[in-house]
Amino acid sequence: PSWYRRVFAQAALWGHIVPWTFSRGTMAPRSAPSLRGRLPWLLLCTEVICVLIFAFLPFETTSSEDAYITLYAPFQDVTVMMFFGFGFLFAFFRRYGFSSIAFNLLLAAVGIQWVLIMDAIMLRYQSGALVINIMSVLTAVMSIVTVLISAGALLGKLNPAQLVFMTIIEVTAFTLNRWIITHILKIANHICMMYGPIFGAYFGLAISWLHHQPILHKEIKKEKATSEPISELFSMLENTQDKRSAVFNTYYALSVSAVTAFSVSAMSNKRGKLNKTHIRNATLAGGVTVSFSAYMIKVPWIAMLLGLLAGMISLLGFKSIQGCLNSVFHIHDTSGVHSTFGLPGVLGAIAHVVLLLTADWNQFTSLAYQALVLVGCIGLTLFLSIGVGVITGLFLKIKLWKAPQEWNYFNDQAFWEFPHLAHKL
């Protein structure tokens with residue numbers, strides 16, 4: 001009956017059941033392909049490979065008591081930020097909250113294991129053994145930021161099997177990027193880790209470019225990408241931590257970027273209203289920008305200036321550049337990672353070069369060489385992230401993955417069981 005079809009159609013619009021297709025008087029569910037034939041086997045194969053590598057390669061676990069005591073507190077902070085902070089940061093879709101948080105946990109758990117292996121092989125081979133210590137575990141957790149940022153750009157458009165495959169490729173490429181920067185370009189390890197947000201943002205954007213869906217109507221995008229107020233509140237729980245000497249500068253930059261976000265958000269709105277998305281993105285931008293040079297800034301006003309610039313660039317980029325990426329270059333950035341991490345990261349890397357050049361005018365020649373190397377690091381990171389991202393995106397387009405169709409974008413019901421909804425039906 002016509003009333004029966006209208007009831008189910010209205011329920012689909014409310015998000016209570018899976019969307020349905022009505023044609024010729026019939027009703028057919030538009031459900032996503034089952035994950036049973038791909039995700040379980042991919043995860044099991046990954047775990048078996050990790051176990052075999054740890055079993056047959058000469059790994060050696062070492063850690064001094066002093067190093068353990070010194071690094072355990074930062075390790076706890078970074079772990080909480082990776083596993084929970086990023087999950088809540090991207091939990092702003094009204095129908096994709098479960099997937100945002102759970103897939104964040106899955107990618108972090110898989111990625112940490114693989115980073116430990118790659119990091120030990122490429123960077124910690126000593127006296128015939130692959131060394132794992134508290135510093136390597138901390139490095140592994142910090143390296144996952146690249147994957148979680150990339151996943152933010154692709155949020156709601158790939159299935160978990162595709163995201164796991166992307167994780168393995170990306171952390172391998174980022175570890176290679178770190179190896180080149182530390183062993184060939186001779187840059188300190190703590191500096192090369194700061195290129196993670198840049199790498200993750202442009203790696204994700206490169207994949208997003210290959211997975212653009214031009215047939216999506218603006219109405220569907222608006223309806224499915226609309227955020228829920230409570231989800232927006234959870235997404236603002238994300239935080240940032242840095243080490244001793246950088247703590248003050250980090251908080252200077254974060255506080256100024258937060259104030260700037262409120263100011264520019266209200267200023268750029270025709271009715272003078274504040275936008276939660278602007279606040280969330282621009283607030284984090286200050287921490288991303290100052291992370292490169294927080295250890296070397298001696299006066300507060302420099303960190304505050306970087307926070308101001310980061311907040312402005314992030315918010316203006318979100319309002320202007322993101323629309324251009326979507327309409328002109330066909331790059332759909334789901335969570336605005338380009339404005340939150342990409343642009344502020346590049347700004348921070350450039351600011352680091354400038355601060356290094358002006359640190360000591362008496363040693364300008366030697367500092368100029370180091371600055372040139374740092375510029376090369378920026379170029380290398382952009383080249384490797386975009387290049388490997390494009391290759392990975394091509395692999396992810398293979399039909400074997402059975403990627404979700406556009407009507408299942410930003411929808412938890414494509415991947416999760418909802419027994420209470422099934423009972424109602």
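**How do you know? Reading a predicted fold**

Q: Y195 and F292: are they buried or exposed?
A: Y195 is buried and F292 is too. Keep in mind that this is a predicted model.

Q: What share of the chain counts as buried?
A: Of its 425 residues, 51% count as buried. As for secondary structure, the chain has 16 helices and five strands.

Q: How many aromatic pairs are there?
A: The count is eight. Ring centres have to lie within 6.5 Å for a pair to qualify.

Q: What makes the aromatic pair of F86 and F341 stacked?
A: The ring centres of F86 and F341 are 5.9 Å apart, with 25° between the planes. The distance is within 6.5 Å and the angle is under 30 degrees, so the pair counts as stacked.

Q: Which parts of the chain does the pair of F86 and F341 link?
A: Distant ones: F86 sits in helix α3 (residues 65-89) and F341 in helix α14 (residues 337-357), 255 residues apart.

Q: Why do F86 and F341 count as buried?
A: F86 has 3% relative accessibility and F341 has 5%.

Q: Why is the pair of Y195 and F292 called edge-to-face?
A: The ring centres of Y195 and F292 are 5.1 Å apart and the planes stand at 75°. That angle is over 60 degrees, so the pair is edge-to-face.

Q: Why can you say that Y195 and F292 tie together separate parts of the sequence?
A: Y195 lies in the loop between α7 (189-192) and α8 (196-210), while F292 lies in the loop between α12 (276-290) and α13 (300-327). The parts they tie together are therefore 97 residues apart in sequence.

Q: Which residues form one aromatic cluster?
A: F165, F395 and W401.

Q: What is the order of the open sheet of three strands?
A: The order is β3-β5-β4, and the pairing is mixed.

Q: How do you know which strands pair with β5?
A: By counting bridges: a pair needs at least two. β3 has three bridges to β5 (residues 129-132), and these strands run parallel. β4 has two bridges to β5, and they run antiparallel. So β3 and β4 both pass as partners of β5.

Q: Which residues are bridge partners in β5?
A: F59 is partnered with L130, and T61 with I132. Y125 stands opposite L130 as well.

Q: What do β4 and β5 form?
A: They form a hairpin with two residues between the strands, and S127 in the turn has a positive phi of about 50°.

Q: Which way do the residues of β5 point?
A: A129 and V131 point one way, L130 and I132 the other, and all are buried. In a regular strand, side chains alternate between the two faces of the sheet.

Q: What makes T139 count as buried?
A: T139, found in helix α5, has 1% relative accessibility, and buried means under 20%, so T139 counts as buried. Leaving out residues up to four places away in sequence, T139 touches D119, R124, R178, N189 and M193.

Q: And why is L71 called buried?
A: L71 belongs to helix α3 and has 12% relative accessibility, which is under 20%, so the label is "buried". L71 and L138 are 67 residues apart in sequence, yet their C-alpha atoms are 8.1 Å apart in space.

Q: How many cavities of 30 Å³ or more are there?
A: A search of the whole structure finds two. The largest cavity holds about 120 Å³ of space. Its lining has 15 residues, and S100, F103, N104, A151 and L155 are the closest to its centre.

Q: Which helix supplies the largest share of that lining?
A: α4, with five residues. α4 and α5 (134-153) each supply at least two.

Notes: Residues numbered from 1 in each chain as written. Predicted model: local features only at pLDDT ≥ 70, side-chain atom pairs only at ≥ 80, totals over all residues. Heavy atoms only, no water. Phe/Tyr/Trp six-rings, centres within 6.5 Å; stacked < 30°, edge-to-face > 60°. Helix = DSSP H or I, 4+ residues; strand = E, 2+ residues; numbered from the N terminus. Buried < 20%, exposed > 50% of the residue type's maximum accessible area, 1.4 Å probe, protein only. 1 Å grid on protein atoms, 1.4 Å probe; cavity = no way out; pocket = protein on both sides within 12 Å on 5 of 7 lines; lining within 4 Å. Points joined across faces, edges and corners; volume = space filled by probe spheres on them. Contact = heavy atoms within 4.5 Å.
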